[in-house]
Amino acid sequence: MSAQPSIAIAPHRFGYGYYRQSWWNWLIGTAFFFGEIGAGLFLVSLITGHALGLLVGYLIVMVGKNTAHLMYLGRPARFWRAAMRPDRSWIARGIWATGIFGVTGAVLLLPRYLALGWQPAPAIAWLAGLAALFIMFYDGFVMNSSRAIPFWNTGMLPLLCLTYAALGGTTLSLTLRELTGQGETAPALLVQFEYILLVTNLVLLAMYLAHMWDWSPAARETVRMLVVGRYARFFLGLVLALGLVATLLLAVIHSRVPATWLAVLIATCELTGDYALLMVLLKSGLFSPQTAPAFRSS
């Protein structure tokens with residue numbers, strides 16, 4: 001892999017070279033992060049019957065994700081316009097899914113915590129679970145729809161969002177059980193599922209980079225930035241070393257030396273890698289080289 005790109009990154013919009021995207025900032029990355037791990041925790045808790053996980057996952061999505069989204073929009077009063085045309089826009093589909101999740105999740109949770117004396121129909125749990133599943137991966141389709149950025153223009157991105165959301169939800173579920181003294185009652189399958197997801201994400205990331213290396217010059221330049229360039233210390237250090245490798249090693253140690261502080265450390269490492277991945281994906285997005293009229297050779 002060459003350390004120097006054949007085409008430089010343009011210092012400004014009138015220069016020749018790859019253009020960095022600047023519209024997707026840390027606020028949208030934070031909204032994606034909260035949406036994915038909150039929905040992941042909710043779905044894992046729904047499947048395993050963990051009441052506290054349901055509540056925490058619901059609040060992460062409805063408070064964390066939605067607050068970051070509204071701050072990103074700049075004019076929150078106009079957010080409803082983004083919900084128009086769900087037949088064409090992944091952003092609109094995400095808003096509808098979040099709305100369905102908000103209503104069905106509340107109907108599912110209220111009887112548990114307010115002792116209302118009635119139980120929601122099973123269909124409500126199914127709707128809430130499907131909405132959570134959609135929130136876990138739709139961010140990948142939102143980024144994928146930006147076809148001008150080749151590194152995002154692949155069907156592997158929604159799959160990567162889904163597996164990372166599942167990993168974050170699983171890790172948070174195990175940590176909550178540990179903090180509340182329910183660690184010993186965690187389903188053994190959930191622990192094994194975390195191992196599988198850590199390895200799966202590592203393999204998926206390797207496949208993603210290999211695919212992008214041959215996809216287009218702009219995508220290759222992004223891979224170069226992630227591996228040996230500007231974002232290498234974040235990608236290699238936080239995403240791979242801390243978020244996946246260290247988390248896996250600590251999880252294996254925790255299976256033999258159960259300790260609450262170790263569970264918290266595992267969650268910290270994994271979630272740091274999760275957030276770092278979203279941020280480097282956003283920050284390293286490049287538009288293909290464009291030649292302004294003043295820079296044409298003839």
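Author: A cavity here is a set of grid points where a 1.4 Å probe fits but cannot get out, and its volume is the space filled by probe spheres set on the points. The model is predicted, with a mean pLDDT of 88 for the protein chain and 89% of the residues reaching 70 or more. A search of the whole structure finds two cavities of 30 Å³ or more.

The second largest cavity has a volume of about 30 Å³, and its lining is made up of Phe151, Leu205, Tyr208, Leu209, Leu226, Phe235, Leu277 and Leu281. Helix 7 (188-213) and helix 10 each give at least two residues to this lining, with the largest share, three residues, coming from helix 7. By class, the lining of the second largest cavity holds eight nonpolar residues, no polar and no charged ones.

The largest cavity, in turn, has a volume of about 40 Å³, and around it stand Glu36, Leu160, Cys161, Tyr164, Asp274, Leu277, Leu278 and Leu281. Here helix 6 (156-179) and helix 10 (260-283) each supply at least two lining residues, while the largest share, four residues, belongs to helix 10. The lining of the largest cavity divides into six nonpolar, no polar and two charged residues.

Key: Residues numbered from 1 in each chain as written. Predicted model: local features only at pLDDT ≥ 70, side-chain atom pairs only at ≥ 80, totals over all residues. Heavy atoms only, no water. pLDDT = per-residue confidence, 0-100. 1 Å grid on protein atoms, 1.4 Å probe; cavity = no way out; pocket = protein on both sides within 12 Å on 5 of 7 lines; lining within 4 Å. Nonpolar A, V, L, I, M, F, W, Y, C, P; charged D, E, K, R; others polar.
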